2 protein chains.
Amino acid sequence: MPLDPQRFLDDLHKLRSFGASGVGKGVMRQAYSDADIAARRWLAGRMEEAGLEPHFDPLGNLFGLAGERSMLVGSHSDSQPEGGWLDGALGVVAGLEVARAAREAGGPPISCVSFQDEEGRFGVLTGSDVWTGKLALEEADGFTDTTGNTLAEMRGKMAGFTGNFLPHNRFSGFLEMHIEQGPYLEETGLGLGVVTDIVGIRDMRISFEGRQNHAGTTPMHLRRDAFQALSAFNTALNSRIAEVVNPATVWTIGHVALHPNASSVVPGRVEFSMQWRDADADRLARMQTLIRETAQEIAADHNVTAELGTVMGIEPAAMDARFQAELAAAAEALAPGKWQKMPSGALHDAANLATVMPAGMLFVPSIGGISHAFDEDTDEADLVLGLQVLDSAARALAG
Amino acid sequence: MPLDPQRFLDDLHKLRSFGASGVGKGVMRQAYSDADIAARRWLAGRMEEAGLEPHFDPLGNLFGLAGERSMLVGSHSDSQPEGGWLDGALGVVAGLEVARAAREAGGPPISCVSFQDEEGRFGVLTGSDVWTGKLALEEADGFTDTTGNTLAEMRGKMAGFTGNFLPHNRFSGFLEMHIEQGPYLEETGLGLGVVTDIVGIRDMRISFEGRQNHAGTTPMHLRRDAFQALSAFNTALNSRIAEVVNPATVWTIGHVALHPNASSVVPGRVEFSMQWRDADADRLARMQTLIRETAQEIAADHNVTAELGTVMGIEPAAMDARFQAELAAAAEALAPGKWQKMPSGALHDAANLATVMPAGMLFVPSIGGISHAFDEDTDEADLVLGLQVLDSAARALAG
């Protein structure tokens, strides 16, 4: 039996009934929540019905295994605390359908997967971090979520049905389909994206410490105002960074905490996040230098002290050239002229998988560029086209 | 018996035992707290011992009355949640000593006062707002503090010993001594300040609403970043406002709330406080126009919407010319060449009193310009010099 788009869509809609938000098609299915675990058990049942062998590893990563060695296709079925129905769920159900159709058609073996905690309730891409060996299980077990639960406690909820970690060499490569989570594909009208690189991320906390003062009695020239230092830093950085970046580079100040944060008090302290992303590790390093220099200069100008925290890094990951080529060939065959190569500005499990096997990624458009929100959506025609391209590339790579 | 500086200092130190923070000389004596009420009852006892008639009005404002009609000298004995030992307490105990010494010396009648809730647990200068008729008691009664207590409930704690409101015409004028709460006097080495005006305050909330987006997948040119709008607004305002202000003008962004305030999310919304102070109502209005225009322009430039809240205003209050002259004459007599005229950048009860009777104010230095903090302090020699100048001016004005 060939690929069945309606079965794929039906399963995708069924999956959003686990943790349904009741607002649009949104879901609340955080890793290890009851809804997440129920969804994984339902997925395992669908795998079994398809003749794939379900296997939970100690983290709760769920594999649907075919053959001794196979291509692996999938993504993650956990969501943000308030998430959309597609996000990783799309790639998981697409992987299920591709693996199921290959088995039914007597094609080369294709396995599927739903990684656990891609959304980082604990850590970042916790499930694939641990499986690919980037993060030790013992260390991850001590990670806590925002309410103080440890990963060890939470994965304990799945202990009754988990097995061992699978060896990586059981799989010959990894393909992941995902919504873009950005506005590029919709803007350009090119409905499919073949991912070239998953960008690297640098994240640091910066603080400026000045002097908290009365906002009525402290003359402007004697102030050491931490907010003014932040604003000047941002302005200077925006102007200087233009020399270093390219159009795909992004940088963001997304978190700001002023102290004491009162309208009648000159702010004595500010802590803020500085995050930047690019596919080129050298550019990330040049940006880091510029950020440090600018923060130090502005601090001196404003008579405040700058404290620059540790830089947390996730390295850029290039997708495998052959995997890109097969995805591109399938896209061109099914949607001639309607696809493009592009980097992924968001992080995905494929970035981890690329460190242990060849990996490739395919994007479908996000309506309005919206993701991590209940109103995230994609036209069903785009979902089905993505499924067909993914299937075609997976069979070519598995064969 | 003449003015007794040691008795004044002893009473001032005794007063800080009510609500002592245990950190330096700091106090925690918020309006209507048990410590505040105990302090007021102790002050009432000290008034009675001095032959002054203690009188609590319905708000808990405490007067120590002398004669049928008299000068009034005082300030407030409530503190910020975490406050210094001097602040309003200095002016209250100075008023007590001046009134007590005048009575003992058989001089003209001088009364003293401690207003309630100058620090604005409810409202702004709640006790003197209500007494001077700026604020109706019925309205004030509905005000709540940050934990939801109403003023009506809190002043109910004092109901057993309060009487009626006193008529304003019982007093011929008001003098208030206070710490500067800023760094001017210490910086100039001129140890006393005769206040010319209490500056007016304008306060508004501004918000910029853009679009919350993924910080990895949203290219810079498509962002509608609320934090970037705030930073650009601040930069533009600082540059434009120079045309309008004078060296005593101040303006402050002290409160900033970003949404969702996460390092991986382009901020979709920011709300912030914009406060400005000046002694000239026209200048305050010109600044308001500039702030509105700049916010609108920056919003348009950044593709965000600006929402400008209601402007809350406290009008500038000029101190009475004769009261200024008597304070200046006393300062020049006791500390030749060591005083200056200056505006008050902080708000004080004298601003309200000036609307119903002639009023004057005297400042003593704040070490390091620090106030509203446990380490607020002033040299005792400066406290005593201030007391002597206040006493001299009060007797001249009462006579």
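Predicted model: local features only at pLDDT ≥ 70, side-chain atom pairs only at ≥ 80, totals over all residues.

Chain A comes out with a mean pLDDT of 96, and 100% of its residues make it to 70 or more. For the whole model, the ipTM is 0.86 and the pTM is 0.85.

Now, the backbone. As a reminder, most peptide bonds are trans, and most residues other than glycine have a negative phi. So where do we find a cis bond in chain A? Between H259(A) and P260(A), with omega at about -5°. P260(A) is in the loop that runs between β10 (256–259) and β11 (265–266) of chain A.

Chain B has a cis bond too, going from H259(B) to P260(B), with omega near 0°. P260(B) is placed in the loop between β10 (256–259) and β11 (265–266) of chain B.

Stay in that chain B loop for a second, as N261(B) lies between β10 and β11 as well. N261(B) isn't a glycine, yet its phi is positive, about 65°. Is N261(B) buried or partly exposed? It counts as partly exposed, because its relative accessibility is 22% and the buried class stops under 20%.

You'll find D117(A) in the loop between β4 (110–115) and α4 (126–131) of chain A. Its relative accessibility is 1%, so D117(A) counts as buried.

What about a charge partner? D117(A) has no salt bridge. The nearest side chain of opposite charge belongs to R121(A), and that is 6.7 Å away, whereas a salt bridge needs the atoms within 4 Å.

What does the D117(A) side chain have close to its polar atoms, then? One of those atoms lies 2.9 Å from the backbone nitrogen of F122(A). Leaving out residues up to four places away in sequence, D117(A) also touches a list of others, including A31(A), Y32(A), R40(A), D78(A) and L125(A). F122(A) itself is on that contact list, along with T126(A) and G127(A).

That's my tour, thanks.

Methods
Residues numbered from 1 in each chain as written. Chains lettered and ligands numbered in written order. Heavy atoms only, no water. pLDDT = per-residue confidence, 0-100. Helix = DSSP H or I, 4+ residues; strand = E, 2+ residues; numbered from the N terminus. Buried < 20%, exposed > 50% of the residue type's maximum accessible area, 1.4 Å probe, protein only. Lys, Arg positive; Asp, Glu negative; His and termini not counted. Polar contact = N/O pair within 3.5 Å; in protein donor to acceptor, adjacent residues only side chain to side chain. Contact = heavy atoms within 4.5 Å.
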